[in-house]
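Q: I have a structure open and would like to talk it through. Can we start with the overall layout and then get to particular residues?

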Amino acid sequence: MTQMRFEPGSWERSAAAFDEVSSAVSGAKPPAAGAGGGPTSTDAAVATVLSQLDGVVQPVFPGLGGGLSADAEIMRSTAQAYSRTEEQNQDAGTTAGVV
């Protein structure tokens, strides 16, 4: 049987990962068309489509980033609460002579 171990640090690590992704998502910009020697016909077609969608797509990124940041804060709060609970359990066990 697989054992699971919960630790406040795992919540903190996850929060840091969410923050990192949040920063990347919030600052996302559509890719520039073409590379090196100028755009190809395909690059120009993609750039045209992206420019049409830019007004619809761009506002989504900050919202996604904000949601990820909010999730990261909740994870940090969970880590703190979990740590406090573990400390209280340890104290209760010590007081009861169990630990």
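What follows is a short exchange about this structure.

Q: First, what kind of model is this?
A: This is a predicted model.

Q: How many helices and strands does the protein have?
A: The secondary structure comes to 3 helices and 0 strands. Along the sequence, the pattern reads α-α-α.

Q: And what share of the residues is buried?
A: Of the 99 residues in the protein, 10% are buried. The accessible surface comes to about 7,300 Å², and 60% of that belongs to carbon and sulfur atoms.

Q: Among contacts between residues at least 6 apart in sequence, what share join residues at least 24 apart?
A: That share is 85%.

Q: Let's take α3. What is its span?
A: Helix α3 covers residues 60–96, which is 37 residues. From its first C-alpha to its last it reaches 53 Å, close to the 54 Å expected at 1.5 Å a residue.

Q: Which residues of α3 are buried?
A: They are G65, L68, A72, M75, A79 and G93. What covers them includes α1.

Q: What comes after α3?
A: G97 follows α3, and the phi of G97 is positive, near 75°.

Q: You mentioned α1. Is S22 buried or exposed?
A: S22, in helix α1 (residues 8–26), has a relative accessible area of 3%, so S22 counts as buried.

Q: What does S22 touch?
A: Leaving out residues up to four places away in sequence, S22 touches G65, L68 and S69. G65 and L68 are among the buried residues of α3.

Q: Switching to charges. How many salt bridges are there?
A: The structure holds 2 salt bridges. One of them pairs D19 with R76, where the closest N and O atoms are 2.4 Å apart. That pair links distant parts of the chain, since D19 is in helix α1 and R76 is in helix α3, 57 residues apart.

Q: And what else does R76 pair with?
A: R76 also forms a salt bridge with E73, with the closest N and O atoms 3.3 Å apart. Both R76 and E73 lie in helix α3, 3 residues apart, about one turn of the helix. Salt bridges that share partners join D19, E73 and R76 into one network.

Q: Why does R76 count as partly exposed?
A: The relative accessible area of R76 is 22%, and partly exposed means between the 20% limit for buried and the 50% limit for exposed. D19 is partly exposed too, at 24%, and E73 is partly exposed at 47%.

Q: On to α2. How does its span compare with what is expected?
A: Helix α2 (residues 41–57) has 17 residues, so at 1.5 Å a residue it should span 24 Å. Its end C-alpha atoms are 23 Å apart, which agrees.

Q: Where does α2 bend?
A: The bend is at S51, by about 35°.

Q: Which residues make the nonpolar surface patch?
A: V49, L53, V56 and V57 make it, and the patch is about 330 Å². V49 lies in helix α2. At 47% relative accessibility, V49 counts as partly exposed.

Terms used
Residues are numbered from 1 along each chain as its sequence is written. This is a predicted model: local features need pLDDT of at least 70, side-chain atom pairs count only at pLDDT 80 or more; totals for chains, interfaces and linings use all residues. Side-chain values use heavy atoms; hydrogens and water are left out. Helices (H or I, at least four residues) and strands (E, at least two) are DSSP runs, numbered from the N terminus. The expected span of a helix is 1.5 Å times one less than its number of residues. The bend at a residue is the angle between axes fitted to the seven residues ending there and the seven starting there. Patches are made of residues with over 30% relative accessible area and no salt bridge: like charges are joined within 9 Å, nonpolar side chains (Val, Leu, Ile, Met, Phe, Trp, Tyr) within 5 Å. Accessible areas come from the Shrake-Rupley method with a 1.4 Å probe; for residues, only the protein chains shown count as cover. A salt bridge is a side-chain nitrogen of Lys or Arg within 4 Å of a carboxyl oxygen of Asp or Glu. Buried means under 20% relative accessible area, exposed over 50%, partly exposed in between (1.4 Å probe, protein chains only). Contact means heavy atoms within 4.5 Å.
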